[in-house]
Amino acid sequence: MAGEAGKPRTVLLATEKAFAKDAVDKIEAAFKEASYTMVKLENYKGKDDLLAAVAAVDGMIIRSDIVDAAVLEKAEKLKIVVRAGAGYDNIDLKACESKD
């Protein structure tokens with residue numbers, strides 16, 4: 001997203017297990033200050049829900065959710081995936097590297 005300051009951004013907060021309310025409040029405040037739109041997909045039940053939600057986002061924040069080639073293919077505008085937690089074994093790095 002560097003070099004494109006001031007453009008509207010949409011970030012997906014996606015998790016099968018809800019984030020702590022305090023964390024979500026802080027994320028929302030930061031996004032409001034940056035004029036970003038946050039879309040929440042919490043407690044979703046299937047991958048189809050995630051695939052539908054990523055279609056129009058510039059970034060996404062996940063926990064243990066799987067970001068694989070199928071997710072990246074649907075997320076045409078996606079520029080960044082942030083993993084809230086330790087590790088990145090749930091993110092297909094090779095698929096990320098091959099994304100335009």
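Is Tyr-36 buried, partly exposed or exposed? Select Tyr-36 to begin: the residue is partly exposed, with a relative accessible area of 30% (buried means under 20%, exposed over 50%, partly exposed in between, using a 1.4 Å probe and protein chains only).

A word on what you have open: this is a predicted model, where local features need pLDDT of at least 70, side-chain atom pairs count only at pLDDT 80 or more, and totals for chains, interfaces and linings use all residues. Residues are numbered from 1 along each chain as its sequence is written, and side-chain values use heavy atoms, leaving out hydrogens and water.

A search of the whole structure finds 1 aromatic pair: Phe-31 and Tyr-36, tilted, with 5.9 Å centre to centre and 45 degrees between the planes (Phe, Tyr and Trp rings, the six-membered one for Trp, pair if their centres lie within 6.5 Å; planes under 30 degrees apart are stacked, over 60 edge-to-face, the rest tilted).

Next, show Phe-19 and Arg-63. Arg-63 lies over the face of Phe-19, 5.7 Å from the ring centre (NZ of Lys or CZ of Arg must be within 6 Å of the ring centre and within 35 degrees of the ring normal).

Then pick Val-71. Not counting residues up to four places away in sequence, Val-71 touches Lys-47, Leu-50, Leu-51, Val-54, Met-60 and Ile-66 (contact means heavy atoms within 4.5 Å).

Last stop: Lys-94, which is exposed, with a relative accessible area of 68%. Its C-alpha atom is separated by 9.1 Å from that of Asp-68, 26 residues apart along the chain.
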